[in-house]
Amino acid sequence: AYLLAHQVAKKDFNSYGARRGNHEVMMRGTFANIRIRNKLTPEIEGGVTKHFPTGEVMSIYDAAMRYQAEGRPLVVFAGKEYGTGSSRDWAAKGTKLLGVRAVIAESFERIHRSNLVGMGVLPLQFTQEGWQKLGLTGEEIVSIRGLQDLSPRKQLTVELYRAGDGRVARFPVRCRIDTPTELEYFKNGGVLNYVLRNLASQDA
């Protein structure tokens, strides 16, 4: 729809990779695999989700833009080897631009984990059971405790507040920022900000 709105004919769409210099296209391509399964909309295959304040089902991109307009940061819950097949930088860039602050997974693909940190997205790993045992509905408010004095591979606590019944569930996670250098990247909001601030300090 975005390309059509900009007078690009269907025959000229090409691949996402061919348009990797256009962030508007690449953001729409994040989580847009036609075979992806989002547990918030299990009956639908593809990059769709539910916008919980309205109950509408829509593309992940459209929902993410609504959540950003509402001031709601996002968290992704995932299973094993999260990011497999997504080692290119845009898989993490798109995640960041969609408003995702953290990814909580059972395990991470090596390169994608590093790319998430490089984009300022916090990778967290379950230390006990995975997301299946949490009874998630998507309506939970997620809080991550222990970020004030973050250190590589520190154990943190995630709190899930369920507004429906007022209950709070807690579970431990391992911070998958693995090195002091990665921690500096994350504290600066990503590697690009880190480099630019270092350059600016040298010129000061």
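Me: Which residues point one way from β5, and which the other way?
Reply: This is a predicted model, so local features need pLDDT of at least 70, side-chain atom pairs count only at pLDDT 80 or more, and totals for chains, interfaces and linings use all residues. Residues are numbered from 1 along each chain as its sequence is written, and side-chain values use heavy atoms, with hydrogens and water left out. P123 and Q125 point one way from β5, and all residues on both sides are buried (under 20% relative accessible area; exposed is over 50%, partly exposed in between; 1.4 Å probe, protein chains only). Pointing the other way are L122, L124 and F126.

Me: Why is strand β5 largely enclosed by the rest of the structure?
Reply: Strands are DSSP runs of E, at least two residues, and helices are runs of H or I, at least four, numbered from the N terminus. β5 covers residues 122–126. The strand is largely enclosed because its buried residues number 5 of the 5.

Me: In which sense do β4 and β5 pair, and which residue of β5 does V103 stand opposite?
Reply: Two strands pair if DSSP finds at least two bridges between them. β4 and β5 have 4 bridges, in the parallel sense.

Me: Which residue of β8 is the bridge partner of F126?
Reply: β5 also pairs with β8, in the antiparallel sense over 3 bridges. In β8, the partner of F126 is V173.

Me: What is the strand order of the sheet, and which strands stand at the edges?
Reply: The open sheet has 6 strands with mixed pairing, in the order β3-β4-β5-β8-β7-β6. Two of its strands each have a single partner, so one side of each is left without a neighbour in the sheet. These edge strands are β3 and β6 (141–145).

Me: How many bridges join β7 to β8?
Reply: β7 covers residues 155–162 and runs antiparallel to β8. T157 stands opposite P172 in β8. The number of bridges joining the two strands is 8.

Me: Which residue's side chain is joined to Q125 by a polar contact?
Reply: Q125 lies in β5 and is buried, at 18% relative accessible area. A polar contact is a pair of N or O atoms within 3.5 Å; within protein, one must be able to donate a hydrogen and the other to accept it, and residues adjacent in sequence count only if both atoms are side-chain atoms. Here the distance is 2.8 Å, and the partner is R176.

Me: Is R176 buried or exposed?
Reply: R176 lies in the loop between β8 (167–175) and α6 (180–187). Beyond four places in sequence, its contacts (heavy atoms within 4.5 Å) include F108, R153 and E182. At 14% relative accessible area, R176 is buried.

Me: Which residues have the most contacts inside the largest nonpolar core?
Reply: A nonpolar core is a set of buried Ala, Val, Leu, Ile, Met, Phe, Trp, Tyr and Cys residues joined through side-chain atoms within 4.5 Å. The largest has 19 residues, and its largest share, 5 residues, comes from α3. Those with the most contacts are Y82, V103 and L116.
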